[in-house]
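Reader: I would like to go through this protein–ligand model with you. Could we begin with the ligand and then turn to the domains?
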Amino acid sequence: MLEGIENLSIMSFEISPEQGELLKTVDRACQKIRPIEDRCYLEGRHNEEAISILKEANLLGLPISVKYGAGQGADLLTYLLAMERIGKEGCSLATFLSAHTSIGQKIIQEWGTEEQRERYLPLTTTGEKIMAFGLTEPDAGSDPASMKTSFHEDGDNFILNGSKCWVSNADIAGVITTYARDKNDGRISAFIVDKEESPFTTQEQKHKMGLVTSDTGEIFFDNCAVPRRNLLGPRGKGLSVALSTLMNGRLSVAARCAGVIEDCINECAEYSKQRVTFGKPLAKQQLIQRHIAKMSTHLRASKLMTYEAAVLKMLAYEEGSTTLRDEADKLISQAKYFATNASFDAANRAVQIFGANGYSFENRVARHLCDSRVTMILEGANEILELKIATSVLGKEYSAFS
Ligand SMILES: Cc1cc2nc3c(=O)[nH]c(=O)nc-3n(C[C@H](O)[C@H](O)[C@H](O)COP(=O)(O)OP(=O)(O)OC[C@H]3O[C@@H](n4cnc5c(N)ncnc54)[C@H](O)[C@@H]3O)c2cc1C
């Protein structure tokens with residue numbers, strides 16, 4: 001047994017009164033957003049109104065320390081419970097918020113200097129500026145070490161050249177973190193890029209199969225001058241910054257997927273009790289019950305795997321233990337891998353239960369099917385996670401990456 005987890009009594013998932021209050025706030029915001037999200041989805045446009053509702057509810061800086069602007073100081077587990085609730089509204093809304101918080105602000109909180117935190121966290125927790133995480137490039141997705149975006153020094157600035165693609169919030173972001181290779185020694189560094197002082201251009205990526213209400217785009221750096229003070233983390237350690245960030249992101253993806261499964265179950269329970277075939281409600285048909293049973297079991301497993309990974313990650317940081325951190329990384333990969341597959345499966349089953357009505361974007365189950373598909377690709381495609389999980393079981397000497 002690993003030190004610190006031999007006592008299973010630490011796995012208490014009772015909701016605290018504070019968490020309960022927060023979840024009520026999240027629920028109220030979600031209820032306001034739902035009809036707008038419905039409309040935006042059918043009109044095929046980004047849901048800008050959601051930002052002001054989330055801002056009003058103080059949810060734009062949920063996992064950030066209260067020291068900074070509208071930061072709420074939610075711990076990881078509490079943040080994930082909120083993400084789970086938001087996931088019920090769909091992966092589109094959750095992707096926006098996660099790109100702004102988990103893989104946005106959290107990087108600055110975890111890797112930034114105090115000066116960088118004070119400069120950027122108040123601005124972004126209050127929603128004055130939205131954040132994005134720009135790592136992926138046209139020729140470098142699963143293998144970010146092969147990125148081509150470069151930088152060189154020029155006086156007080158780093159000059160960035162290159163492009164990023166498939167970046168959530170690209171068009172609406174005022175502050176992004178991005179990653180580039182040193183033209184001299186080839187090492188990758190991370191940067192905070194404030195669009196106002198270091199202009200870059202963007203191009204919306206249209207015709208997506210899902211995530212319709214979430215903005216996705218390309219980012220172009222054309223001699224983009226970034227002040228030296230905006231180097232994020234140690235020089236040459238950009239990949240460590242990016243990969244640790246993706247761990248936050250993966251848990252957030254797992255949590256939103258649990259929300260998707262729960263919404264599919266709720267929608268199916270309601271629909272199948274009303275819809276009558278062969279003289280009785282669909283809910284009484286045994287093969288329909290099989291779908292419900294599978295979804296319900298997958299929901300429980302997705303939630304527990306996510307919570308367990310979160311608890312272990314918090315413990316690993318508290319104790320500064322690399323052994324626990326490695327174990328937490330494995331659990332995070334497993335939670336994301338399982339919950340993403342389970343959410344797509346649940347959405348697929350939900351569409352089947354709804355029949356033709358499930359084939360219309362007027363019903364959320366159809367949107368869940370198209371939206372949840374991407375969770376198997378982004379923030380560590382599931383094949384990459386399979387390799388990570390297997391390596392952690394077999395030993396590093398069997399890593400498929402070496
Ligand atoms: C809607 C959307 C939003 C996104 N948001 C962001 C964002 O905010 N920021 C950002 O930086 N990126 C973002 N991404 C990009 C996403 O992170 C990448 O798509 C992902 O990392 C996979 O990279 P790729 O698409 O280039 O696939 P590739 O790396 O080309 O891989 C293609 C397929 O091959 C598999 N594969 C690759 N290598 C191996 C291997 N060794 N063994 C087995 N299988 C392998 C992969 O798992 C994948 O299924 C987003 C993508 C989408 C679609």
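Predicted model: local features only at pLDDT ≥ 70, side-chain atom pairs only at ≥ 80, totals over all residues.

Reader: Understood. How far is an oxygen atom of the ligand from a polar backbone atom of serine 168?
Author: The separation is 2.9 Å.

Reader: And how much of the ligand's accessible area does the protein cover?
Author: On its own the ligand has 970 Å² of accessible area, and the protein covers 65% of that.

Reader: Which elements give two or more residues to the shell around the ligand?
Author: They are strand β3, spanning 157–168, and helix α10, spanning 382–394.

Reader: What distance separates a ligand oxygen from an N or O atom in the side chain of serine 142?
Author: That distance is 2.7 Å.

Reader: How many residues surround the ligand, and which are the closest?
Author: The ligand is surrounded by 17 residues, the closest being Phe133, Thr136, Ser142, Trp166 and Glu383. By class, the shell holds 11 nonpolar, 4 polar and 2 charged residues.

Reader: Which domains supply at least three residues each to that shell?
Author: Domain 2 (132–232) and domain 3 (240–398) each do so.

Reader: Let us change topic. Into which domains is the protein chain divided?
Author: The division is into domain 1 (8–130), domain 2 (132–232) and domain 3 (240–398).

Reader: How far apart are the C-alpha centres of domain 1 and domain 2?
Author: Those centres are 23 Å apart. Domain 1 brings 26 residues to the contact, and domain 2 brings 24.

Reader: What area do domain 1 and domain 2 bury between them?
Author: The figure is about 2,100 Å², with 60% of it on carbon and sulfur atoms.

Reader: One last item, arginine 117. Where does it lie?
Author: Arginine 117 is part of helix α5, residues 114–125.

Reader: Which residues does arginine 117 touch, not counting those up to four places away in sequence?
Author: With that exclusion, arginine 117 touches Tyr68, Ile108, Gln109, Gly112 and Pro122.

Reader: And what is the C-alpha separation between arginine 117 and serine 296?
Author: Their C-alpha atoms are separated by 41 Å, and the two residues are 179 residues apart along the chain.

Conventions:
Residues numbered from 1 in each chain as written. Heavy atoms only, no water. Near = heavy atom within 4 Å. Polar contact = N/O pair within 3.5 Å; in protein donor to acceptor, adjacent residues only side chain to side chain. Areas by Shrake-Rupley, 256 points an atom, 1.4 Å probe, with all protein chains shown as cover. Helix = DSSP H or I, 4+ residues; strand = E, 2+ residues; numbered from the N terminus. Nonpolar A, V, L, I, M, F, W, Y, C, P; charged D, E, K, R; others polar. Domains from an automatic or database assignment. Contact = heavy atoms within 4.5 Å. Buried area = accessible area lost by both parts, 1.4 Å probe.
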